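Subject: Structure handover

Hello,

Here is the structure I said I would pass on. Please open it first; my notes on what was found follow below it.

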Amino acid sequence: MPVVTFLPSYRKAEVEFGASVLEAAQRAGLNMNVVCGGQGKCGKCIVYRKSGRVAFERSQYSRFFTKGEQERGALLACEAFVNGDLEIVVPESSLIQEQKILIEGLDLQTAFRPSVMKYHVTLSPPTLEDPSPDLTRLLDGLEKVHGPKTEQVFVPLGALRLVPQILRDGNWDVTATVALMPPGRFWLIDLEEGDTSDRLYAAAVDLGSTTVVACIWDLVNGKVVGIASNYNRQISCGEDILSRVNFARKNGLSRLQTLATESINAALTAAANNAGIDRDDIYEVMVAGNTVMTHMFLGIDPAYMIAEPYVPVVRRSINTEAASIGISVARNAGLFVFPGVSDYIGGDIVADVLACRMGEREEISLMIDIGTNFEVVLGNNEWMFSCAGAAGPALEGGEVLFGMRANPGAIEKVTIDPDTLKPTYSTINQVKPKGICGSGLIDLLAELLTACVIDRNGLIDTTIENPRVRKGEYYAEFVVVWKEEAGTEKDIVITQNDIKNLIMSKASVLGACSTLMKVAGITHEEIDTIYFSGGFGNYLNKQSAITIGLIPEVPLDHIKNIGNGALMGANIALINRDQRRTLDLIARNIAYIELNAEPSFMDEYTQSSFLPHTDLSLFPNVSALLDRCRLSHPHHVLNGGA
């Protein structure tokens, strides 16, 4: 079979004839930047052929390359196919780089009632007069220091085997670690010599498809002591969830499970190092992730979720030993995995609901989590409806010519002077701009609309006499950054095609929100609060989101960012065992609406495919803003829409 060598890392992979260069790169362990999932739509996986035989229809993808790049043999890794031994040069820009990962959220408002406790006990050794068994002696000692009653403690075989030697090696001065496990029984999970009661930690983990975040708590004083994040190593097996499920179906499930545990272990190690603690002192791990991710993490076949009738193997919460999954923490430490609702509404969304407390209030709330896919939950303490759909990669920078993830150099905020059309922007890490991430794209779309550069259909007015508005080689475009000011060899532009993709993505989200409101029989005036969860929503300009019609129009102070809701929900459940007991109930109380089977969704999507919406009466403040735009720029007419 052909061997593909990747430079400058000199990583190698052996692949079949006809395999893509992207597949070879993933097999070699390179995390390629394929925002579109390797469908040839984003142009982010540019590589260069140094030598060897490869099949690539360059003319079909020439819009992604400068003349200089074409002369240097540029290829798209996902659309180039191996015909023999190859040497491929991979530029740094085509690899996933350090990303602005959201780890913070709202301050936790919950009682501190952890499930894991330590008890230091000093026991009398057995004698001929008192020959009580070792375990009885230990459990009686626990009860005397205000631990659980003897008859309430279950001792698994692994812990029981520790008892005789540790009691004697510790001269009967030991520390027992006890965990309260569902359905309300105490487990003896560890025994140590001496007094180690001051070393008791637990970790909450957000298991995302792209990133993994771990947060370590000191269960003695109730404080966060370490936090860390890293990429999910499963990316090497596929950028998107569907690709990974297909990888699992090709005898790859074991590999995916291993990569998930390696990713969590790496995050736990980094967080423990930040805290200056030993990972062996972590006695519980709480994991929240989407349904497919948790299935793969647990080594459960996810294949049936991508074919009708889209059934997961399990939706309830899972309790098991961390070691049985490969998580390297304290011996006999527990692992708790959040329950899910359906194939596409998983434990991360249950964690979002727990974090924002929408299921505890009478007021109606709307919670939105946007990535390549989006999830929406609408409801209150009596009812909740949910749905999920493909936002498309545009809102994360995919299918947008200069779109990118939230990496250094990404434009994250933009304003445009309506008179001069000069943009003012800020980039992540304050370095020269290389592209535009999701929050920047939403700003840009809103600013172009209110500056009368585009109409309500999203069409660029090419009659505007300004050098930033021009007819590009393929599409009309607006120049955001001239190449002399950019960290690239090209002008950074947004094209007519980019705008079309962004409008399609935003229409999916607003259409889903409107569909849930129709199912529930409510109007947007009845929504008290809109919550955004996740990195995209956290950095989003609220006014821009309403201006383009990404979300229903509500007062700006009724829109709240909860940060990393999945991590915050996992934290709450980790430190408050009472809240943990509500998780399965929350999941059962969320009704899932399949948008593909809901007749009204396509109508709502179509009506949402304007800026902000076909019916401007639903967006009165935006309508007034557009009227002022018309008066300020009478030579530009905002056409389109009813």
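To begin with one cysteine: the sulfur of Cys387 lies 7.1 Å from the closest cysteine sulfur, in Cys513, which is too far for a bond. Cys387 has 0% relative accessibility and therefore counts as buried (buried is under 20% relative accessible area, exposed is over 50%, partly exposed is in between, with a 1.4 Å probe and protein chains only).

Before the rest, some notes on the source. This is a predicted model, in which local features need pLDDT of at least 70 and side-chain atom pairs count only at pLDDT 80 or more, while totals for chains, interfaces and linings use all residues. Residues are numbered from 1 along each chain as its sequence is written, and side-chain values use heavy atoms, with hydrogens and water left out.

Cysteines

The search of the whole structure finds 0 disulfides (a disulfide is a pair of cysteine sulfur atoms within 2.5 Å). Cys78 is in no disulfide, and the nearest cysteine sulfur, that of Cys45, is 3.7 Å away. Cys78 counts as buried because its relative accessibility is 7%.

Nonpolar cores

A nonpolar core here is a set of buried Ala, Val, Leu, Ile, Met, Phe, Trp, Tyr and Cys residues joined through side-chain atoms within 4.5 Å. The largest one has 82 residues, and those with the most contacts inside it are Ile264, Val287, Phe297, Leu335 and Phe338. Helix H6 (residues 241–275) gives the most to this core, with 12 residues (helices, H or I of at least four residues, and strands, E of at least two, are DSSP runs numbered from the N terminus). Another core, of 70 residues, lies apart from it and includes Leu444, Leu445, Val480 and Leu510.

Val287 is in contact with Val205, Leu207, Ile264, Phe297, Leu335, Phe336, Val337 and Phe338, leaving aside its neighbours within four places in sequence (contact means heavy atoms within 4.5 Å).

Ala266 also lies in helix H6. At 22% relative accessibility, Ala266 counts as partly exposed. With neighbours within four places in sequence left aside, Ala266 is in contact with Asn230 and Arg233. Ala266 and Arg233 are 33 residues apart in sequence, and their C-alpha atoms are 9.9 Å apart in space.

The six-strand sheet

An open sheet of 6 strands runs in the order S26-S25-S16-S17-S18-S27, with mixed pairing (two strands pair if DSSP finds at least two bridges between them). Its edge strands, S26 (559–561) and S27 (590–592), each pair on one side only. From one strand to the next, the twist averages 20° (axes are lines fitted to C-alpha atoms, for helices over the stretch in contact, and angles run from 0 to 180 degrees between N-to-C directions).

Within this sheet, S16 (residues 364–370) and S25 (residues 527–533) run parallel and are joined by 6 bridges. Ser365 stands opposite Thr529 in S25. Helix H9 (residues 347–356) packs on the sheet, touching S16, S17 (373–379), S18 (384–390), S25 and S27, and its direction makes about 135° with that of S16. H11 packs on the sheet as well, touching S16, S17, S18 and S25, with a direction at about 25° to that of S17.

Helices H10 and H11

Helix H10 (residues 438–450) packs against helix H11 (residues 496–520) at an angle of about 105°, with the axes 11 Å apart. H10 and H11 are therefore roughly perpendicular to each other (angles under 35 degrees count as roughly parallel, over 145 as roughly antiparallel, 65 to 115 as roughly perpendicular and the rest as oblique). Leu441, Leu445 and Leu448 of H10 make the contact with Ile499, Leu502 and Ile503 of H11.

The three-strand sheet

A further open sheet has 3 strands in the order S20-S19-S21, with mixed pairing. Its edge strands are S20 (423–427) and S21 (435–436). S19 (residues 410–416) pairs with S20 in the antiparallel sense over 5 bridges, and the bridge partner of Thr415 in S20 is Thr424. H10 packs on this sheet, touching S19 and S21, and its direction makes about 15° with that of S19.

Other covered elements

In strand S6 (residues 116–122), 5 of the 7 residues are buried. S6 pairs with strand S8 (residues 173–181) in the antiparallel sense over 7 bridges, and Lys118 has Thr177 as its bridge partner in S8. In helix H14 (residues 565–575), 11 of the 11 residues are buried, so H14 is largely enclosed by the rest of the structure.

Regards
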